[in-house]
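Thanks, everyone. I have one structure to walk through today, and I will keep it brisk. Please look at the model first.

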Amino acid sequence: MRKTKVLGAGVLAAAITLAGFAVAQSVTNLRGADVDEPVTTAEIPGTVDRRMQRNYRQQPPLIPHSIDQYQMDLKVNQCLACHDWTKAGERDAPTLSMTHYLDRDGAELDHIAGTRYFCNQCHVPQADALPLVDNIFQPSSTD
């Protein structure tokens, strides 16, 4: 009886494994290519010269330039070279919102808060590119 259960469990495990391989063969990515197939993408179009409209209240602004070569790690944040409040005026760049200088308790800081240090957590470069999937998003107001 025990040998039958062990043998049955082994056959069941083999069947599940084979079924998993069969399912994995039919999985595709957003571009419709097989997940195992190497995907090359077209060059992303250049950035837009104008600021794009925000679609909802408190949407983080989009970045109107490329950040491909920007260093952003624990030691250096290249965005702050232009956008920190101490340099924005001389660089003719928009200043960070004052909310970026508040700690978790709401206390004002002279430097950017650690929770706001990695800009690309919220801000992304804007590009005039086609979406990968259909989108039915509607702005919160049409004013």
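Let me start with the contacts. Take those in the protein with a separation of 6 or more: 46% of them join residues 24 or more positions apart. Keep in mind that this is a predicted model.

Now the secondary structure. The protein has 3 helices and 0 strands. Read from the N terminus, the order of elements is α-α-α. Helix 1 covers 2-25. Helix 2 is 80-83, and helix 3 is 88-91. As for burial, 15% of the 143 residues count as buried.

On to the pocket. How many residues line the largest pocket? The lining has 30. Those nearest the centre of the pocket are Arg54, Pro60, Pro61, Leu96 and His123. The volume of this largest pocket is about 870 Å³. Its lining splits into 14 nonpolar, 13 polar and 3 charged residues.

Stay with His123, one of the residues nearest the centre of that pocket. His123 sits in the segment after helix 3. Is His123 buried or exposed? Its relative accessibility is 18%, so His123 counts as buried. What does its side chain reach? A polar atom of the His123 side chain lies 2.8 Å from the backbone oxygen of Pro61. Setting aside residues up to four places away in sequence, His123 touches Pro60, Pro61, Ile63 and His100. Pro60 and Pro61 are also on the list of residues nearest the pocket centre.

Next, aromatics. A pair of rings is described by two things: the distance of the centres and the angle of the planes. How many aromatic pairs does a search of the whole structure find? The search finds 2. One is Tyr56 with Phe137, an edge-to-face pair with centres 6.5 Å apart and 75° between the planes. Tyr56 is in the loop between helix 1 and helix 2, while Phe137 is in the segment after helix 3, so this pair ties together parts 81 residues apart in sequence. Both partners are partly exposed: Tyr56 has a relative accessible area of 41%, and Phe137 is at 44%.

Then there is Tyr117 with Phe118. Their ring centres are 5.1 Å apart and their planes stand at 90°, so this pair too is edge-to-face. Tyr117 is buried, with a relative accessible area of 16%. Phe118 counts as partly exposed, at 27%.

Tyr117 leads us to Asn77. Asn77 is in the loop between helix 1 and helix 2. Its side chain reaches the backbone oxygen of Tyr117 at 2.4 Å. Asn77 is buried, at 7% relative accessibility. What else does Asn77 contact, leaving aside neighbours within four places in sequence? Its partners are Gln71, Met72, Tyr117 and Cys119.

Where is Asp84? In the loop between helix 2 and helix 3. Asp84 has a relative accessibility of 12%, which means that it counts as buried; the cut-off is under 20%. Its side chain makes a polar contact with the side chain of Tyr101, at 2.7 Å. Asp84 and Thr95 are 11 residues apart in sequence, and their C-alpha atoms are 6.1 Å apart in space.

Last topic: backbone angles. Most residues other than glycine have a negative phi. Gln58 has a positive phi of about 65°, although it is not a glycine. Gln58 lies in the loop between helix 1 and helix 2. Asp92 is another non-glycine residue with a positive phi, near 55°. Asp92 belongs to the segment after helix 3. Are these residues buried or exposed? Gln58 is exposed, at 65% relative accessibility. Asp92 is exposed as well, at 73%.

For the aromatics, find Tyr56 with Phe137, then Tyr117 with Phe118. For side-chain contacts, find Asn77 at the backbone oxygen of Tyr117, and Asp84 at the side chain of Tyr101. That is my tour.

Terms used. Residues numbered from 1 in each chain as written. Predicted model: local features only at pLDDT ≥ 70, side-chain atom pairs only at ≥ 80, totals over all residues. Heavy atoms only, no water. Helix = DSSP H or I, 4+ residues; strand = E, 2+ residues; numbered from the N terminus. Buried < 20%, exposed > 50% of the residue type's maximum accessible area, 1.4 Å probe, protein only. Polar contact = N/O pair within 3.5 Å; in protein donor to acceptor, adjacent residues only side chain to side chain. Phe/Tyr/Trp six-rings, centres within 6.5 Å; stacked < 30°, edge-to-face > 60°. 1 Å grid on protein atoms, 1.4 Å probe; cavity = no way out; pocket = protein on both sides within 12 Å on 5 of 7 lines; lining within 4 Å. Points joined across faces, edges and corners; volume = space filled by probe spheres on them. Nonpolar A, V, L, I, M, F, W, Y, C, P; charged D, E, K, R; others polar. Contact = heavy atoms within 4.5 Å.
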